Amino acid sequence: MILHIDMDAFFASIEQAVNPRLKGKPLIVGSRGNKLHTVVCAASYEAKRLGISSGMSTRDALRICPSLEFVPAEQGKYIWTSEQVLGLIKEHGYPVDYVSIDEFRLDVGALKNPVSLAKRIQEQIYANFNITASIGIAGNCLLAKLASKLNKPNGIAEITSENLVQVLNNTSADSLCGVGVKTESLLDAKGIKTCLDLYQKSPRFLEALFGKNGLNLYASLHSVESLEVSGEPEKPKSIGHSYTLPRSTKTPGFIRAWIRLLSEMVAQRLRQETLVSETVHLWLNGPEIGNFGAQKTFQIATDDGSEIYTRSLKIMVRGGLKEPKIRALGVTCGGLKVCQEGALFEEEKRRDRLLKVMDKINGRFGDSTIYPAQVTLTRKFQ
Ligand SMILES: [Mg+2]
């Protein structure tokens, strides 16, 4: 069984959770600081009810609702919260996929009562972060994601062999993930309106329409019960995070702050998994440098964000990059092994204790309660 966890109006909900004045109000999060010259990147449910949706220009949104609350996006905060939610979900011991910043997928194998697990996860997320999630349950990823949309917000829905036909009949074909606008007109031309129309087609028909994806689609729609039963959750081979900046930038302090934030996020996940890493891989993308990727293996394995950051900078220097213009970046740690021995030196021991306390505080209070000061620079120049 798959549980697809989709956070409700994630960015907007986080802003409402940290600022009670915004609770219950129509609110949008803008991708840039200028209220009149940006696009809506998230809308609260109160704003959604008025017909405001992400992707819309803020000007149009404000026309619909002049009293709309506006908050400029703080990506660092959302990524950090996403990490915390992921950590919480992982504690249940099942393999978890990080689908996107606000979506996680949990493979619970042949678990008898997935609904009660879903309820528990919802309660935990709410108790820790004061935000809600909707959870879909089904035998495969495609249907679980579909199910997560059925009862939004704060809902749970399960697709079983009993309700499959009814659910598919009530769902438009273009709301299936991976079906874009282009496909929508294609589907229209073939007279396909609902998911049930797709369900009733032969595998050959779907293959002709979507190629190999069509066969996967057929298999997903027709396999409601889970076939695979997952075994022990596997330890990951590498842990990485990447991020695309709102626009290209050359400002070294800003770029370094992002490398620091990504390093801290990777380190936190290493510590959650009780792993340490020997190899750091840095990936940078920019208009002049294209894709730059390089890695280096170090003698001492680490799970410390500050150390991973220093190592990333070394890789950058070795790559001969002098103040490159950067659009996207990523930090990945490989060469993972289980963290066994404690620190040898007093300095390291103190550092270990500091990290433990930091993880504990962030684990309890969520929302990036404490983090290195350098990370705050990621909020500039947005
Ligand atoms: Mg969502």
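What follows is a tour from the whole protein down to single residues.

Please keep in mind that this is a predicted model. The protein has 14 helices and 12 strands. Its radius of gyration is 22 Å, close to the 21 Å that the globule rule gives for 382 residues, so the protein is as compact as a globular protein of that length.

**The protein as a whole**

- Taken along the principal axes, the C-alpha atoms fill a box of roughly 65 × 55 × 45 Å.
- Of the 382 residues, 36% count as buried.
- If you look at contacts between residues at least 6 apart in sequence, 64% of them join residues at least 24 apart.

**Helix H1 and its surroundings**

- Helix H1 covers residues 10-18, and it is mostly covered, with seven of its nine residues buried.
- The buried residues of H1 are Phe 10, Phe 11, Ala 12, Ser 13, Ile 14, Glu 15 and Gln 16.
- Which elements cover them? The cover includes strand S1 (2-7), strand S2 (27-30), strand S3 (40-43), strand S4 (69-72) and helix H4.

**Helix H4 on its own**

- Helix H4 runs over residues 75-90.
- The buried residues of H4 are Gln 75, Gly 76, Tyr 78, Trp 80, Thr 81, Ser 82, Glu 83, Gln 84, Val 85, Gly 87 and Ile 89.

**How H4 packs against two other helices**

- Two packed helices are described by the angle between their axes and the distance between the axes.
- The axes of H1 and H4 come within 10 Å and cross at roughly 95°. Angles of 65 to 115 degrees count as roughly perpendicular, and H1 and H4 are therefore roughly perpendicular to each other.
- On the H1 side, this contact is made by Phe 10, Phe 11 and Ile 14, while H4 brings Lys 77, Tyr 78 and Thr 81. Sorted by class, the contact has four nonpolar, one polar and one charged residues.
- Helix H12 (residues 252-272) also meets H4: their axes come within 11 Å and cross at roughly 10°. Angles under 35 degrees count as roughly parallel, and H4 and H12 are therefore roughly parallel to each other.
- In this contact H4 uses Gly 76, Ile 79, Glu 83, Gly 87 and Lys 90, and H12 uses Leu 261, Met 265, Gln 268 and Gln 272. By class, the contact of H4 with H12 has three nonpolar, four polar and two charged residues.

- Leaving aside neighbours within four places in sequence, Glu 83 is in contact with Met 265 and Gln 268.
- Glu 83 and Arg 269 are 186 residues apart along the chain, and their C-alpha atoms are separated by 8.1 Å.

**Met 56, in a loop**

- Met 56 sits in the loop between helix H2 (45-48) and helix H3 (58-64).
- With 18 other C-beta atoms within 10 Å, Met 56 is partly exposed.
- Not counting residues up to four places away in sequence, Met 56 touches Val 39, Val 40 and Ala 61.
- Met 56 and Gly 30 are 26 residues apart in sequence and 10.0 Å apart in space, C-alpha to C-alpha.

**Backbone details to look for**

- A cis peptide bond joins Lys 152 and Pro 153, with omega at about -10°. Pro 153 lies in the loop between helix H6 (141-148) and strand S8 (156-158).
- Asn 154 is in the loop between H6 and S8. Its phi is positive, about 55°, although Asn 154 is not a glycine. With 15 C-beta neighbours inside 10 Å, Asn 154 counts as partly exposed.
- Asn 130 has a positive phi of about 60°, and it is not a glycine. You can find Asn 130 in the loop between helix H5 (114-129) and strand S7 (133-138). Asn 130 counts as partly exposed, with 16 C-beta neighbours inside 10 Å.

Note on methods:
Residues are numbered from 1 along each chain as its sequence is written. This is a predicted model: local features need pLDDT of at least 70, side-chain atom pairs count only at pLDDT 80 or more; totals for chains, interfaces and linings use all residues. Axes are lines fitted to C-alpha atoms, for helices over the stretch in contact, and angles run from 0 to 180 degrees between N-to-C directions. Helices (H or I, at least four residues) and strands (E, at least two) are DSSP runs, numbered from the N terminus. Angles under 35 degrees count as roughly parallel, over 145 as roughly antiparallel, 65 to 115 as roughly perpendicular and the rest as oblique. Two residues are in contact if their C-beta atoms, placed from the backbone, lie within 7 Å. Ala, Val, Leu, Ile, Met, Phe, Trp, Tyr, Cys and Pro count as nonpolar, Asp, Glu, Lys and Arg as charged, and the others, Gly among them, as polar. The radius of gyration is taken over C-alpha atoms; the globule rule is 2.2 Å times the number of residues to the power 0.38. A residue is buried if 20 or more other C-beta atoms lie within 10 Å of its own, exposed if 12 or fewer, and partly exposed in between; C-beta atoms are placed from the backbone.
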